[in-house]
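Let's take a friendly tour of a protein model, one topic at a time. Keep the 3D view open while you read.

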Amino acid sequence: MSIPARAADPAIAEARQALADRTPVVMLIGRAGTGKSHFIRELVNDDPSYPQALLAPTGLAAMNIGGQTVHSFFGFPPRPLIGSHEKPHWFFTRTARALKRLIIDEVSMLRADVLDAMNQHLQVARKSSRPFGGVQMLFVGDFYQLPPVVRGDEGALLEEAGYATPYAFSAHALRDAPLAVVELTEVHRQTNHDFIALLASIRGRRGVEEAVTILNTVCLDRSLPKRPVLLCATNAVADRYNVQGLANLEGAAARYTGAFEGETPRTMGDRFPAPMELTLKRGARVIFTQNDPEGRWVNGSLGTVRALGEESITVLLDAGDEVEVERAVWPQARWTWNAKENRMEVKEEFKYVQFPLAPAWALTIHKAQGMTLDSVEIDLGRGAFAPGQTYVALSRARSMETLRLTRPISARDVQVDPAIAEGLARLGA
């Protein structure tokens with residue numbers, strides 16, 4: 001098949017060639033805004049009949065790309081998979097034998113033991129000792145952003161099992177697998193080279209003192225041309241800002257409840273891209289949580305509610321246009337092999353239906369992942385508590401001119417796990 005090209009970054013051509021050469025494992029990494037998601041979309045759309053599946057480690061990440069969770073696709077139980085040697089079920093085996101490629105987005109959140117279980121399942125299902133049973137693997141993401149989740153004593157268990165870190169690059173399956181690591185370096189989200197360089201310093205924790213000094217000098221308590229969305233570290237802080245913002249508005253509130261079409265998922269709550277219970281008033285600040293097929297807004301566009309109806313909500317975009325917003329659909333897909341038609345088939349397990357809006361006085365940094373924001377205020381409260389958190393927050397802004405800090409950032413707020421650089425270096429990145 002042909003692999004899509006994108007002119008700006010020569011690394012795209014390198015990735016395209018590695019895939020065309022059938023390199024068993026291709027890892028496409030790159031900082032925020034370098035076009036990783038764009039590459040995936042083009043790859044999937046380029047040849048819909050190609051036997052590949054699109055997966056992500058979490059339900060929200062999978063829903064945002066129209067893919068399926070790794071656990072759902074492989075049939076993994078919801079527990080650590082350290083030393084897993086379970087026999088794959090027949091449904092997975094039938095699909096696995098027809099696969100030529102698996103695309104895993106947000107690989108930074110994929111744990112090493114899960115990746116090894118994927119390798120084991122594919123080898124058994126395809127009766128092949130080759131890496132991942134001969135299925136080409138494309139891992140996409142940025143290890144300097146969201147880390148894998150490790151709860152309780154799971155860290156000790158991973159260490160006892162011989163994993164140097166919980167990150168995917170520490171998986172045993174990657175030790176001997178032929179691997180191509182390609183790094184995208186052309187940033188599309190920001191255009192100012194000084195700001196791009198500053199973000200790179202924060203991302204890799206190099207020259208942090210100088211970068212922090214510049215940010216605090218330029219961005220602290222400044223006025224912004226547009227009303228910003230506040231990014232904060234915790235749900236509790238974001239909820240408090242949003243509740244207060246709504247309470248300050250006069251008039252009656254309208255409540256919109258999300259719904260499911262098809263099989264209702266077992267777990268709900270924070271994993272969905274728009275609130276299950278969306279409460280708004282006229283004058284409420286909102287953020288769009290999905291790209292508009294007609295191009296009127298993108299994921300991260302900001303606006304103010306002008307009118308509330310049962311079937312539509314009128315929003316005045318900060319960009320100037322007034323738009324009628326209807327309910328949107330986020331499908332949760334299941335990728336399977338259709339033997340009769342000899343092609344991969346994407347079936348929808350369920351659809352989540354809700355207005356593609358969320359209150360936008362404040363958002364958590366985690367929920368802003370993947371968004372490009374025209375006006376950003378950052379409140380780290382008592383400080384960043386996770387590696388990459390400050391970088392993710394800062395890199396949502398298009399420019400330094402649209403960024404404000406509520407308090408000075410310190411070098412302590414810039415956390416980077418030293419294991420990331422070491423792990424990527426071992427892979428040749």
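What you're looking at is a predicted model, where local features need pLDDT of at least 70 and side-chain atom pairs count only at pLDDT 80 or more, while totals for chains, interfaces and linings use all residues. Residues are numbered from 1 along each chain as its sequence is written, and side-chain values use heavy atoms, with hydrogens and water left out.

**Salt bridges**

- Side chains of opposite charge can pair when their charged atoms come close.
- A salt bridge here is a side-chain nitrogen of Lys or Arg within 4 Å of a carboxyl oxygen of Asp or Glu, and by that rule there are eleven salt bridges.
- One of them joins Glu154 and Arg111, at 2.6 Å from N to O. Glu154 sits in helix α7 (residues 154-160) and Arg111 in the loop between β4 (101-104) and α6 (112-126), so this pair ties together parts that are 43 residues apart in sequence.
- Helices (H or I, at least four residues) and strands (E, at least two) are DSSP runs, numbered from the N terminus.
- Arg296 and Glu294 meet at 3.7 Å, N to O. Arg296 is partly exposed at 34%, and Glu294 is exposed at 62%.

**A parallel sheet**

- Strands of a sheet pair through backbone hydrogen bonds, either parallel or antiparallel.
- Two strands count as paired if DSSP finds at least two bridges between them.
- Look for an open sheet of four strands in the order β18-β7-β19-β20, with parallel pairing. β18 (362-364) and β20 (403-405) stand at the edges with a single partner strand each, so one side of each has no neighbour in the sheet.
- Four bridges join β7 (residues 229-232) to β19 (residues 376-379), and Leu230 has Glu377 in β19 as its bridge partner.

- Val305 stands opposite Val315 in β13.
- The hairpin from β12 to β13 goes through four residues.
- β13 and β14 are antiparallel too, joined by four bridges, with Leu316 partnered by Glu322 in β14.
- Which residue takes a positive phi in the hairpin of β13 and β14? That's Gly320, with phi near 120 degrees, and this hairpin has four residues between the strands.
- β13 is mostly covered, with four of its five residues buried.

- Glu106 has a phi near 50 degrees, a positive value in a residue other than glycine; you'll find Glu106 in the loop between β4 and α6.
- Asp221 isn't a glycine either, yet its phi is positive at about 50 degrees. Asp221 lies in the loop between α9 (208-219) and β7, and is exposed at 57%.

Methods
Buried < 20%, exposed > 50% of the residue type's maximum accessible area, 1.4 Å probe, protein only.
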